Amino acid sequence: MLKKLAKYFRKNHLPVVSSEPHIVPSGDHPISARQITSGAKKVVEQLVSDGYEAYLVGGCVRDLLLGMHPKDYDVATDATPEQVSNLFRRARIIGRRFQIVHVRMGPEIIEVTTFRAQHSSEHNGKDQSRRSSKGMLLRDNIFGSIAEDACRRDFTMNALYYHPQDNSVFDYANGLRDIKQRLIRVIGNAEERYREDPVRMLRAVRFAAKLGFSIEEDSARPIHKQGHLLADIPPARLFDELLKLLMNGHALATFHLLREFGLLRFLFPATDEALSNDPGYYLPFLEQAMTNTDKRIRANKRVTPAFLLGALLWPAVQEARKKLERDNTSPIYTLQQAAGDVIHRACQRIAIPRRFSMPMREIWELQLRLPRRACTQAQRLVENPRFRAGYDFLLLREDAGELESGLGDWWTRYQDADEHKRHEMASNLDQPREQRSRRRRRPRKPASSNQTT
Ligand code: ATP
Ligand code: MG
């Protein structure tokens with residue numbers, strides 16, 4: 001697929017960053033204008049016909065070059081956000097830190113950004129540009145030329161511009177070569193660029209997992225040292241990034257990379273600590289959770305962030321329960337206390353909306369209620385709106401070896417049974433059978449350690 005590009009690169013030795021683009025003409029790259037959605041094409045055409053410059057840019061160009069389906073289309077233009085929004089009937093300027101225009105075209109939303117320029121010290125403090133004392137860009141609305149815009153983008157592979165009208169690709173930062181070499185390379189000084197926007201470290205990891213690319217050495221090294229900068233990111237933005245990281249069908253690879261680069265501890269410190277204390281116990285569980293999520297996404301099945309976050313925070317909840325259990329309180333009370341504490345602390349970093357944190361708690365609480373099935377309890381549980389998620393969570397714990405198998409199977413059979421059979425199954429239980437934790441049976445664990453009751 002990239003043969004044409006390979007030929008092109010053999011002929012041309014491209015510099016890393018250039019003020020003049022290397023233009024790859026139609027036919028020398030694998031993109032065809034037919035692949036572009038009509039909405040994206042219309043937005044570019046309208047801007048051009050009104051005398052502005054406009055290109056497709058970023059992930060859509062990168063993905064098309066790789067023969068993948070773009071998730072969305074981004075357009076870059078020299079028109080200001082106001083000019084763009086005046087041009088389209090269904091357009092809305094969003095964002096303050098980084099203004100973009102959402103243009104609605106039928107079912108599509110095209111993101112239109114104005115070419116950004118370098119910030120100089122004279123800009124700082126002005127309405128369009130602000131930097132924190134640590135160098136983080138708090139506002140990035142200084143507009144410039146397309147060449148300047150290319151320098152402001154995060155990675156070379158994301159600084160490619162495509163002109164649908166003549167089907168040419170404009171490469172300012174050697175992105176084509178890096179795509180061919182399957183490398184993620186920060187444009188400019190990586191340390192500085194991560195300081196400007198620490199989310200770029202998460203983006204590097206996300207693309208590495210999604211595309212199966214490596215992070216180039218100079219771009220990878222600072223990530224190990226600069227993870228702490230994520231603390232300066234607003235929790236609501238981190239939540240959005242987290243969903244992009246884990247709900248894209250590559251959660252397992254992403255999870256491994258987050259650990260490898262030491263970023264997990266800045267996102268979920270309590271989970272990371274639990275993992276370091278007892279990897280043999282929590283790692284299979286989390287890997288299984290990520291694998292299941294990936295499988296569901298690839299099979300186009302629904303995935304709720306409540307389940308995924310519930311799994312990610314479960315090791316933290318388990319550790320918190322262990323500490324609280326010493327107080328001799330009831331198991332459900334202990335779990336509620338632990339859950340409240342873990343969610344409260346997690347939300348200080350990542351703003352988990354209540355619409356997800358509430359079901360997350362219910363899924364956890366169901367882990368204590370699912371073993372209690374005698375008489376009418378089973379029927380009541382199966383009618384609980386959160387039952388399915390709680391049951392899936394139980395299967396996950398069993399699959400990961402956290403629990404002995406058995407209870408999950410009982411519930412599978414119960415759901416398949418008719419009313420008569422269900423009655424029989426629930427009546428045949430002499431008393432609520434507590435499912436034993438495998439962990440409890442490990443000799444090195446204290447006999448009082450109790451995971452499920
Ligand atoms: P995908 O849409 O597949 O997740 P993408 O690369 O298109 O990947 P977007 O978030 O849609 O990612 O961003 C579009 C483009 O905007 C990027 O390709 C990149 O050029 C630029 N960009 C996005 N976020 C940043 C950032 N934090 N710093 C610099 N440039 C960025
Ligand atoms: Mg995109």
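Q: Is Asp 72 buried, exposed or partly exposed?
A: Asp 72 counts as partly exposed, because its relative accessibility is 32%. Buried means under 20% relative accessible area, exposed means over 50%, and partly exposed lies in between, with a 1.4 Å probe and protein chains only.

Q: What kind of model is this, and how is it numbered?
A: This is a predicted model, in which local features need pLDDT of at least 70 and side-chain atom pairs count only at pLDDT 80 or more, while totals for chains, interfaces and linings use all residues. Residues are numbered from 1 along each chain as its sequence is written, chains are lettered from A and ligands numbered from 1 in the order in which they are written, and side-chain values use heavy atoms, with hydrogens and water left out.

Q: Which residues coordinate the magnesium ion (ligand 2)?
A: Asp 72 (OD) and Asp 74 (OD) coordinate the magnesium ion (ligand 2), at 2.2 to 2.6 Å. Donors are N, O and S atoms within 2.8 Å of the metal (3.2 Å for Na, K and Ca); water is not among the atoms, so sites may look incomplete.

Q: Moving on, how many helices and strands does the protein have?
A: The protein has 21 helices and 12 strands. These are DSSP runs numbered from the N terminus: helices are H or I with at least four residues, strands E with at least two. Of the 453 residues in the protein, 52% are buried.

Q: At what angle do helix 17 and helix 19 cross?
A: Helix 17 (residues 354–369) and helix 19 (residues 387–399) cross at roughly 65 degrees, and their axes come within 9 Å. That makes helix 17 roughly perpendicular to helix 19. Axes are lines fitted to C-alpha atoms, for helices over the stretch in contact, and angles run from 0 to 180 degrees between N-to-C directions. Angles under 35 degrees count as roughly parallel, over 145 as roughly antiparallel, 65 to 115 as roughly perpendicular and the rest as oblique.

Q: Which residues make that contact?
A: Helix 17 contributes Ile 363, Trp 364, Leu 366 and Gln 367, and helix 19 contributes Phe 387, Ala 389, Gly 390, Phe 393, Leu 394 and Arg 397. Contact means heavy atoms within 4.5 Å. By class there are seven nonpolar, two polar and one charged. Ala, Val, Leu, Ile, Met, Phe, Trp, Tyr, Cys and Pro count as nonpolar, Asp, Glu, Lys and Arg as charged, and the others, Gly among them, as polar.

Q: And how do helix 8 and helix 11 pack?
A: Helix 8 (residues 199–211) and helix 11 (residues 251–260) pack at about 135 degrees, with axes 8 Å apart. That makes helix 8 oblique to helix 11. Leu 202, Val 205, Ala 208 and Ala 209 in helix 8 meet Ala 253, Thr 254, Leu 257 and Leu 258 in helix 11. This contact of helix 8 with helix 11 has seven nonpolar, one polar and no charged residues.

Q: Is Asn 174 buried or exposed?
A: Asn 174 is buried, with a relative accessible area of 2%. Its place is in the loop between strand 10 (168–171) and helix 6 (175–180), and its phi is near 65 degrees, a positive value in a residue other than glycine.

Q: What about Asn 300, buried or exposed?
A: Asn 300 is exposed, at 74% relative accessible area. Asn 300 lies in the loop between helix 14 (279–298) and helix 15 (305–325) and has a positive phi of about 60 degrees.
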